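The sequence and structure are shown first.

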Amino acid sequence: MAELAKTRHQLGGFPLTRWAVYPALLFTLVFFVAPLAAMLVVSFWQRIEGHLQATWTLANYDKFFTRSYLLDTLFNSIEVTVLTTVVSIVIAYPLAYILAYRVPLRWQKVLLILAVLPFWTAYVVRSYSWLLVLSDNGVLNNVLIGAGLIDAPLKLAYTRAATVLGFVHFFVMLLTLTIYANLVQINPSYRSAAADLGASAMQIFLRVTLPLSIPGVVVGAFLTFVITIGDYITPQILGGSTEILVPQAIMLQVSRAANFPMASVMSMTLMVVVVAVYLLSSRYLKMDRL
Amino acid sequence: MTEPLVELRAVRKVYGEVIAVDNVSLSIERGKFLVLLGPSGSGKTTLLSILGGFTAPTSGQVHIAGEDVTFVPPARRPTVTVFQDYALFPHMTVHDNVAFGLVMRRVARAERRRRVEQALGVVGLEGFGKRRVHQLSGGQRQRVALARAIVVEPDVLLLDEPLGALDLKIRQQMQEELVHLQRELGTTFVHVTHDQDEALNVGDAIAVMNQGRIEDYGPPERVYLRPASLFAATFMGDSNILSGTATADEGTNVRVDTPLGPVVVARRSEGDAQANGAKVHVSIRPEHIRIGPAQGDGVLSLGEATLTEVVFQGAHRRCHARSHGGQVELILRLPPEQVVAVGDTVPIRARAADLVLLND
Amino acid sequence: MTGSRLRHAPAAAYLVAVLVFIYLPVVILVLFSFQDGILPVPPFQGPSLQWYAKMFSNSRLLDALGNSIAVAVLSSLAATVLGFLAAYGLARHRMRLGGAARFFLMAPIMVSYLIIGMGLLITFNLAGIGKSLVAVGLGHTIINLPLCFAILFSQFGEHHRRIDSAAHDLGASDLQTMIRVTAPMMRPTLFAAFCLSATLSWDEFIIAFLLSRFDVTLPVIIFEMLRAGLTPEVNAAGTMVFAISMSTVLIAASVMLFRRGGK
């Protein structure tokens with residue numbers, strides 16, 4: 001040990017970089033873990049007469065799970081999220097496949113970038129722009145009426161369908177990227193070998209390509225799920241007032257009533273759902289893959 | 001003579017400006033172990049790919065078992081390829097990997113299982129069925145790839161530098177096993193490699209390729225001892241090349257004036273008569289040059305030479321020498337018991353029968 | 001694989017259809033930012049730059065623009081530096097709890113921005129700290145940290161380890177090696193991580209909304225404008241945000257591409 005210390009001294013001192021990881025860990029502790037802990041704690045408190053009081057009760061949880069209008073938001077959120085995830089994968093997978101295997105190599109990166117560019121419109125802006133397309137006097141209705149296909153405008157905006165559409169629009173781009181990245185790193189020899197042994201194009205896809213691409217799909221699906229279920233903007237702008245999702249309920253509690261405890265309860269519930277989904281798909285998810 | 005199993009007729013493959021395969025014609029008999037030997041860029045892998053159906057030739061034809069398969073895709077050809085990186089399906093067990101071709105051929109499950117077990121037995125991997133690919137060593141993966149190929153009983157088995165990724169000892173072991181396997185199965189093997197020792201170890205016939213052309217084709221012994229071209233002589237092992245001028249053509253022999261003096265070389269049976277004054281090359285293998293005065297019939301003196309380098313290589317001494325006539329640099333392989341040192345001046349000789357007249 | 005034109009038609013058609021779907025709202029957005037009229041919906045009367053003019057004379061919006069840039073740059077700087085230090089520390093030294101540390105650092109990715117924002121809001125509230133742009137900056141740093149860390153950590157290979165050893169062999173201390181050798185070597189990746197974080201911060205809404213009071217960022221302003229009514233001014237603002245995000249991403253991507261001479 002003394003020898004080693006001597007060498008270190010000759011090299012110029014104790015490796016300070018041993019501590020290099022701690023600033024980030026500390027930051028995460030203070031600004032991520034502590035807030036989550038605070039939220040957990042507050043969920044057991046109550047807001048009484050305009051002040052937060054440490055009452056340590058399960059009253060809020062009770063309220064959430066017994067009041068149907070609150071519980072409904074959870075079910076609505078899960079439904080919308082699952083729908084979004086499924087539809088996005090169904091649309092994105094063929095696109096990623098076509099880009100990876102049907103498009104000449106020269107054009108692949110270009111088309112991929114092209115397909116993903118609108119990803120970088122600000123979230124608010126993107127949801128808003130769908131309103132321009134879907135509203136009663138929006139582009140879609142204008143075109144349909146102008147073409148004489150319908151008489152009165154279709155009610156497309158401010159519906160669950162509009163919310164899902166807004167989400168799907170975003171996630172098709174994200175999933176195309178992740179699924180494509182996964183497909184292109186599958187060794188092409190596998191497909192050649194399968195063909196050599198007599199497999200048709202469909203068999204190659206079903207037995208080789210698809211199974212090997214599942215991990216990439218699961219990672220993408222997980223990201224989709226997490227982001228969708230916690231999103232406030234898209235349902236707020238596109239969803240209308242007939243249906244409310246959990247994030248909107250949370251914001252109502254915060255902005256109108258400053259009811260942090262209730263908001264915390266709902267946030268905690270959301271987190272539990274996400275953790276459950278993570279555990280279910282953990283076989284395919286390693287943190288380094290993300 | 002039986003009809004050859006595989007026939008390549010005037011096969012050419014061009015990529016833009018690059019000629020990968022230049023007018024290759026080749027016949028392979030059933031049950032033979034053919035080696036395509038050459039450096040990278042010689043076209044051997046492209047040729048294999050054309051045989052396997054992964055690449056279509058620019059012109060020419062490929063016939064297997066009497067049928068024109070030039071444009072038939074790999075799935076429907078009676079060939080199977082063992083890839084350089086084995087290409088074992090990572091998400092399947094060893095059993096499922098080997099069974100894949102049988103599943104494609106709709107073989108019933110019981111029959112499939114029997115044949116997979118048999119194939120695994122043949123390659124020495126009994127009981128490995130349940131293992132996953134990532135649990136296997138390099139040599140084991142190699143055998144699974146082989147098992148997967150032989151289980152469907154192809155007419156021709158194509159191997160693309162299959163032993164390249166293995167350690168030396170394992171590689172040598174696998175070379176022997178490949179030879180045994182091929183003899184046991186009787187399947188025609190076409191094996192691509194750049195390693196001439198490997199070629200000598202496994203092949204029944206060797207095709208030496210260079211720049212898209214086959215420079216020499218024949219049994220290993222013949223290709224080594226009597227190479228056809230300059231490239232073949234220098235690629236397969238070391239060769240001393242003497243440039244000379246033909247002075248007389250005596251039917252079976254040709255007299256050539258070389259920097260080491262006049263020599264008599266046997267004419268190639270397929271060669272043209274050498275005109276007087278024609279420029280020719282004569283090749284002598286290092287192990288065929290001996291130290292000592294020329295004695296007896298058929299032994300030629302090559303003058304004197306001074307040793308410039310002597311390295312002990314175990315089974316022989318590798319020497320560099322400069323000959324006194326013509327200042328030619330020579331490579332010699334002397335038996336280990338012959339003790340020599342740098343600076344020694346010695347007479348050298350060789351048997352006329354060991355000299356080879358090259359085509360170019 | 002060869003095939004006739006006809007075989008490729010369904011794939012091409014699908015490609016086109018999805019691309020149309022992806023670009024439809026963006027095209028509408030940009031198009032109607034040049035609307036010569038009051039409504040951001042058809043019919044299109046234009047082109048006119050009046051809404052851009054209106055936008056640039058909107059002082060509150062311009063303030064928000066400045067705020068967004070400041071928050072993006074500073075939070076990304078913090079995230080990149082912290083992420084680099086963490087990545088270097090973990091790559092260079094085998095810590096006993098290295099795997100746990102990695103998990104810990106990546107954890108925020110799993111949690112919705114809304115919940116992170118909520119947590120921060122409650123914590124600041126309990127601590128008596130008010131809402132501000134600084135709070136927003138801290139929030140953006142924590143959401144970008146896992147990303148920066150992941151990008152940078154994935155770039156540390158055997159290659160770097162050997163260069164590290166060479167530097168030590170020549171007498172450099174650990175710190176010197178990190179600052180003078182490793183960091184410069186990773187410049188393109190650092191730049192890419194920074195740009196990515198900046199665009200994510202630039203586009204981010206919910207944390208900015210929760211943690212700011214009077215000084216807001218651009219997405220929050222746009223949301224406010226939306227609540228007031230749909231006018232082409234919002235389109236103009238949205239188009240500007242999009243243009244800036246997109247350019248940043250393209251610059252970052254081309255820096256990465258040119259460094260390696262093509263991916």
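## Chain arrangement

The model is predicted. Chains B and C do not touch, and their nearest C-alpha atoms are 9 Å apart. Two pairs of chains are in contact, and of these 2 pairs, chains A and C share the most contacts.

## The contact between chains A and C

In this interface, 75 residues of chain C are in contact with 67 residues of chain A. Helix α1 (residues 5-33) of chain C provides the largest share of the side of chain C that touches chain A, namely 13 residues. By class, this side of chain C comprises 58 nonpolar, 13 polar and 4 charged residues.

## The contact between chains A and B

Here 16 residues come from chain B and 15 residues from chain A. On the side of chain B that touches chain A, the elements giving two or more residues are β6 (79-82) and α2 (94-104) of chain B. The largest share, 3 residues, comes from α2(B). This side of chain B has 10 nonpolar, 4 polar and 2 charged residues.

## Confidence in chain A

The pLDDT of chain A averages 86, and 92% of the residues score at least 70. Over residues 1-13 of chain A, however, pLDDT stays under 50, and the model has 8 contacts beyond four places in sequence for this segment. Where pLDDT is low, the predicted coordinates should not be read in detail.

## Domains of chain B

Chain B is divided into domain 1 (6-227) and domain 2 (238-358). The centres of domain 1 of chain B and domain 2 of chain B, taken over C-alpha atoms, are separated by 38 Å.

Strand β4 (residues 59-64) of chain B pairs with β5(B) in the antiparallel sense over 2 bridges. Within this pair, B:His63 stands opposite B:Asp68 in β5(B).

## The six-stranded sheet of chain B

A further open sheet of chain B has 6 strands in the order β6-β7-β8-β3-β9-β10, with mixed pairing. Its edge strands are β6 and β10 (213-218) of chain B, each of which pairs on one side only. From one strand to the next, the twist averages 20°.

Strand β6(B) and strand β7 (residues 156-160) of chain B pair in the parallel sense over 4 bridges. The bridge partner of B:Thr81 in β7(B) is B:Leu158. Helix α4 (residues 138-150) of chain B packs on the sheet, touching β6 and β7 of chain B, and its direction makes about 175° with that of β6(B).

Strand β16 (residues 299-312) of chain B pairs with strand β17 (residues 317-323) of chain B in the antiparallel sense over 7 bridges. In this pairing, B:Leu307 stands opposite B:Ala321 in β17(B). The two strands β16(B) and β17(B) form a hairpin with 4 residues between them, and B:Gly314 in the turn has a positive phi of about 95°.

Strand β17(B) also pairs with strand β18 (residues 329-334) of chain B, in the antiparallel sense over 6 bridges. There, B:Arg317 stands opposite B:Leu334 in β18(B).

Key: Residues are numbered from 1 along each chain as its sequence is written. Chains are lettered from A and ligands numbered from 1 in the order in which they are written. This is a predicted model: local features need pLDDT of at least 70, side-chain atom pairs count only at pLDDT 80 or more; totals for chains, interfaces and linings use all residues. Domain bounds come from an automatic or database domain assignment. Two residues are in contact if their C-beta atoms, placed from the backbone, lie within 7 Å. Ala, Val, Leu, Ile, Met, Phe, Trp, Tyr, Cys and Pro count as nonpolar, Asp, Glu, Lys and Arg as charged, and the others, Gly among them, as polar. pLDDT is the predictor's confidence in each residue, from 0 to 100. Two strands pair if DSSP finds at least two bridges between them. Axes are lines fitted to C-alpha atoms, for helices over the stretch in contact, and angles run from 0 to 180 degrees between N-to-C directions.
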